Amino acid sequence: ITVSATHSHTAGPCVKDEEGADLKLDALYLDWLANAVADTVVCAYQRMEKMNIKLSVAKVEGISFVRNYLLKNGVV
């Protein structure tokens, strides 16, 4: 089972920032989050069904969008 998240616009901080400082980590929230993730995995396992999977791959040329920005403080 793979659990993945790229980012959230509404979640509280879960890790220290890049300089290693706590971002007001909330122990109650982190405990709830760990239980919620575990519960999601259990529910997914209980609801598993046999399935077939197909894969297709396509390449699109001429489209480009990069979301890297150079901020005033020099951070990308």
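This is a short tour of a predicted model, one selection at a time.

**Whole chain.** Start with everything shown. The protein has 76 residues, and buried residues make up 0% of them. The accessible surface comes to about 8,100 Å². Carbon and sulfur atoms hold 57% of that area.

Next, colour by secondary structure.

**The ring pair.** A pair of aromatic rings is described by the distance of the centres and the angle of the planes. The count of aromatic pairs here is one. In that pair, the ring centres of Y29 and W32 are 6.0 Å apart, and the planes meet at 25°. Planes under 30 degrees apart count as stacked, so Y29 and W32 form a stacked pair.

Look at the cover on each ring residue. Y29 is partly exposed, at 22% relative accessible area. W32 is exposed, at 52%.

**The charged pair.** Now select K59 and E61. Side chains of opposite charge can pair when their charged atoms come close. What do K59 and E61 form? They form a salt bridge, with the closest N and O atoms 3.6 Å apart. The count of salt bridges is one.

Are K59 and E61 buried or exposed? K59 is exposed, at 71% relative accessibility. E61 is exposed too, at 59%.

Note on methods. Residues are numbered from 1 along each chain as its sequence is written. This is a predicted model: local features need pLDDT of at least 70, side-chain atom pairs count only at pLDDT 80 or more; totals for chains, interfaces and linings use all residues. Side-chain values use heavy atoms; hydrogens and water are left out. Rings of Phe, Tyr and Trp (its six-membered ring) pair if their centres lie within 6.5 Å; planes under 30 degrees apart count as stacked, over 60 as edge-to-face and the rest as tilted. Buried means under 20% relative accessible area, exposed over 50%, partly exposed in between (1.4 Å probe, protein chains only). Accessible areas come from the Shrake-Rupley method with a 1.4 Å probe; for residues, only the protein chains shown count as cover. A salt bridge is a side-chain nitrogen of Lys or Arg within 4 Å of a carboxyl oxygen of Asp or Glu.
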